[in-house]
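Please look over the sequence and the model shown here before reading on.

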Amino acid sequence: MSDRKQRIDAMFRATTCDTAEAVGPAVDAREPAAAPAATDPRWQAVLARDRAFDGRFVYAVRTTGIYCRPSCPSRHAKPANVVFHPTCEAAAKAGFRPCLRCKPDGAGLAELHAAVIADICRFIEAAEEAPQLDELARKAGMSPFHFHRLFKSITGVTPRAYASAWRAERVRSELIRPGASVTSAIYGAGFNSNGRFYETSNEVLGMKPTDYRAGGTNTEIHFAIGECSLGAILVARSERGVCAILLGDNPDALARDLQDRFPQARLIGGDAAFESLVAKVVGFVEAPALGLDLPLDVRGTAFQQRVWQALRDIPAGETASYSDIARRIGAPKSVRAVAQACAANTIAVAIPCHRVVRNDGALSGYRWGVERKRALIDKESAA
Ligand SMILES: [Zn+2]
């Protein structure tokens, strides 16, 4: 069974590209009477009722005068009576009427595919273990090859990447739940052994699970709030380095924001020694081009860390678009995820998410207010 499907896929790969145009004309140009449907790879797709071919061609039956999608659930005609057309228009032009059952001319093929893929995403999310490609393709009613391609074209990632991203998300949400143990989080997220999770944890979380949790018990975070030309500024430091620079109008709101970001940490108001650190950071915010000569404690997923590193590589006085950053980290399709990573940044200015603008150069949102973003960019470009 899967052998046969692989053979069909191989034939399609070998003889066509992805478009209906490329699949069709060679056979349609012939007289219908001579059409050897039985030996046409498209007939195998029809026999398999492979939904991935919907929209790429239709087949018409001369005895009934009807044309159908490849996936039509109706009984199959004799191949001798079948003729292929690249599009509904071509079939209609040749005198065929659309099938009332599969509605090949109905709008919404894209919606249909999207609905199928959405179902599969829900299935992956509910599965105990990441399902195999064959199983997913069978559920979608497609060959593995076309399912994989369709899934990627709709979601931007492969089914395997989707499954592991989903599990990572579950681990993260389990880990930050008060009272959850690392082990229960790992099993709760569907990893079947501790060992396997630890093997991949760097990729999944960007750090060891215990470190991630230490967002964190036993962590002490010292902080102080000061004033700079952009308004109130909160500077926080863990034992590893500066872990937050927050900007805003309201000092109390900044302190609450810090507590939200590090819910399990013990927050300690800064003493006199800490004031010099704040002064240093304020000086840096006033003149970012000077650089901040302090270690940062950067906490985030592997993906976020890649984005943030790319932001730090943008020189002061220059800007980049979200697409530029996505390309620079080797994930050109992840523009939205890049924007989300920028929004999740807790270290203003030192991780310069203010240097990211829309593709057309317009300023987009800034978690510390678009006016502050403008002020920072203006200051840097004037320097
Ligand atoms: Zn039909």
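## Overall make-up and confidence

The secondary structure of the chain amounts to 18 helices and ten strands, in what is a predicted model. Of the 383 residues in the chain, 34% are buried. When contacts between residues at least 6 apart in sequence are considered, 61% of them join residues at least 24 apart.

The average pLDDT of the chain is 77, and 76% of the residues score at least 70. Over residues 1-34, however, the pLDDT stays under 50, and the model has 41 contacts beyond four places in sequence for this stretch. The pLDDT is also below 50 over residues 192-209, a stretch with 26 contacts in the model beyond near neighbours in sequence. Where pLDDT is low, the predicted coordinates should not be read in detail.

Strands of a sheet pair through backbone hydrogen bonds, and they may do so in the parallel or the antiparallel sense. In this model, four strands form an open sheet with mixed pairing, in the order β3-β1-β2-β4. Its edges are β3 (82-85) and β4 (97-98), each of which pairs on one side only.

Strand β1, which covers residues 58-61, pairs with strand β2, residues 66-68, in the antiparallel sense over three bridges. Within this pair, Ala60 stands opposite Tyr67 of β2.

## The β6-β7 hairpin

Strands β6 and β7 form a hairpin, with two residues between them. They run antiparallel, and seven bridges join β6 (residues 231-238) to β7; Ala236 has Ala244 in β7 as its bridge partner. Strand β7, which spans residues 241-248, is mostly covered, with seven of its eight residues buried.

## Packing of α15 and α17

Two packed helices are described by the angle between their axes and the distance between the axes. For helix α15 (residues 302-312) and helix α17 (residues 335-343), the angle is about 80° and the axes are 9 Å apart. Because angles of 65 to 115 degrees count as roughly perpendicular, α15 is described as roughly perpendicular to α17.

Which residues of the two helices meet? From α15 they are Phe303, Gln304, Val307 and Trp308, and from α17 they are Ala337, Val338, Ala341 and Cys342. Sorted by class, the contact of α15 with α17 has seven nonpolar residues, one polar residue and no charged residues.

Notes: Residues are numbered from 1 along each chain as its sequence is written. This is a predicted model: local features need pLDDT of at least 70, side-chain atom pairs count only at pLDDT 80 or more; totals for chains, interfaces and linings use all residues. Two strands pair if DSSP finds at least two bridges between them. A residue is buried if 20 or more other C-beta atoms lie within 10 Å of its own, exposed if 12 or fewer, and partly exposed in between; C-beta atoms are placed from the backbone. Two residues are in contact if their C-beta atoms, placed from the backbone, lie within 7 Å. pLDDT is the predictor's confidence in each residue, from 0 to 100. Axes are lines fitted to C-alpha atoms, for helices over the stretch in contact, and angles run from 0 to 180 degrees between N-to-C directions. Angles under 35 degrees count as roughly parallel, over 145 as roughly antiparallel, 65 to 115 as roughly perpendicular and the rest as oblique. Ala, Val, Leu, Ile, Met, Phe, Trp, Tyr, Cys and Pro count as nonpolar, Asp, Glu, Lys and Arg as charged, and the others, Gly among them, as polar.
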